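Dear colleague,

Here is the structure you will be taking over. My notes on what was found in it follow below.

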Amino acid sequence: MALTLYVDTARWRAHQKSVLDQFPGIVPVCKGNGYGFGHERLADEATRFGSDILAVGTTYEAARIKDWFSGDLLVLTPFRRGEEPVPLPDRVVRSVSSVDGVHALVGARVVIECMSSMKRHGVKEEELGQLHAAIEDVRLEGFALHLPLDRTDGSDAVEEVIGWMDRLRAARLPLHTMFVSHLKAEELARLQQQFPQTRFRARIGTRLWLGDHEATEYRGSVLDVTPVSKGDRFGYRQQKAASDGWLVVVAGGTSHGVGLEAPKALHGVMPRAKGVARAGLATVNRNLAPFVWAGKQRWFAEPPHMQVSILFVPSDAQEPKVGEELVAHLRHTTTQFDRIVDR
């Protein structure tokens, strides 16, 4: 019995097509855990829809995915001098975010990242003059801009890209290809219209693979159900049951990513209030589990174990049965499934 990712394959692929149609020349991204689907599955999907390139997070990911995808591989993590060498084929393109990095990659295929308002990494405007000599020794595939998701200052993403296009052009650097992230389809179209001699390629992961939430669903199998009475002790820490009910052992634990959650950016009073409430409940060992039974998200009876979680289902709900599956609201990018089922 397992934690299973169910995929409505026809619906999932229909969504992929809608994104591909909106973003001509898309660069699909396959990094981390493969957005919950795994690297091999996403490499197969990119091959199926005919992509000539696949973006990955690291050189280590590139070394694995190269056996599953025959096109170019763009490594998104910038090269750093002195990094551990990883044997890679010539079809791998390295991102570079410094003039020194360009100098160190003689003969390599490179994409040069420019410093955006993200302020994460990239070549700065004052360094553009130094790139002329540096790019003579590499095979320049283009420039790139990784843009922020939110613009709370009211700034315009297109104007930010235009600003960089103007700077690169003023520095007399080649503008045949610009890789961009986090632009809307209409924003990309505006740029392509304004700069017809430049090919804009959108690097997209989340929107492509996870944009239709109804196309996928995680479910955990019920492995055991044990009745308990109020006051009964249970579990590793021998806590007392708060009321009558059942202890439900369900597939899915910390090794799957259950109970592990990336921090979220909270906007507005209500989300912040809910966050404070959850934190308060956690201090008295009340933690909401991602598993749903009888229409309600249930509580962990105790912290999740490595491969299973133990839930408490009160006696006023229907008793779960061994072999049934509970829907689990899990974040794809932090979850590892036991199996994937297409349906």
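**Helix 6 and the chain around it**

Helix 6 is followed by Arg172, which has a positive phi, near 60°. This is a predicted model, and the values here are computed from it.

The helix itself covers residues 157-170, 14 residues in total. From the first C-alpha to the last it reaches 20 Å, close to the 20 Å expected at 1.5 Å a residue. At its start, a side-chain oxygen of Asp156 comes to within 2.9 Å of the backbone nitrogen of Val158.

Which residues of helix 6 are buried? They are Ala157, Val158, Glu160, Val161, Ile162, Gly163, Trp164, Met165 and Leu168.

Now the chain as a whole:

- The chain holds nine helices and 18 strands.
- Its C-alpha trace spans about 75 × 45 × 40 Å along the principal axes.
- Of the 343 residues, 47% are buried.
- Taking contacts between residues at least 6 apart in sequence, 66% join residues at least 24 apart.
- The accessible surface is about 17400 Å², and carbon and sulfur atoms account for 51% of it.
- There are 43 positive and 42 negative charges, and their mean positions lie 3 Å apart.

Regards

Methods:
Residues are numbered from 1 along each chain as its sequence is written. This is a predicted model: local features need pLDDT of at least 70, side-chain atom pairs count only at pLDDT 80 or more; totals for chains, interfaces and linings use all residues. Side-chain values use heavy atoms; hydrogens and water are left out. Helices (H or I, at least four residues) and strands (E, at least two) are DSSP runs, numbered from the N terminus. Buried means under 20% relative accessible area, exposed over 50%, partly exposed in between (1.4 Å probe, protein chains only). Contact means heavy atoms within 4.5 Å. Accessible areas come from the Shrake-Rupley method with a 1.4 Å probe; for residues, only the protein chains shown count as cover. Lys and Arg count as positive and Asp and Glu as negative; His and the chain ends are not counted. The place of a charge is taken as NZ of Lys, CZ of Arg, CG of Asp or CD of Glu. The expected span of a helix is 1.5 Å times one less than its number of residues. A polar contact is a pair of N or O atoms within 3.5 Å; within protein, one must be able to donate a hydrogen and the other to accept it, and residues adjacent in sequence count only if both atoms are side-chain atoms.
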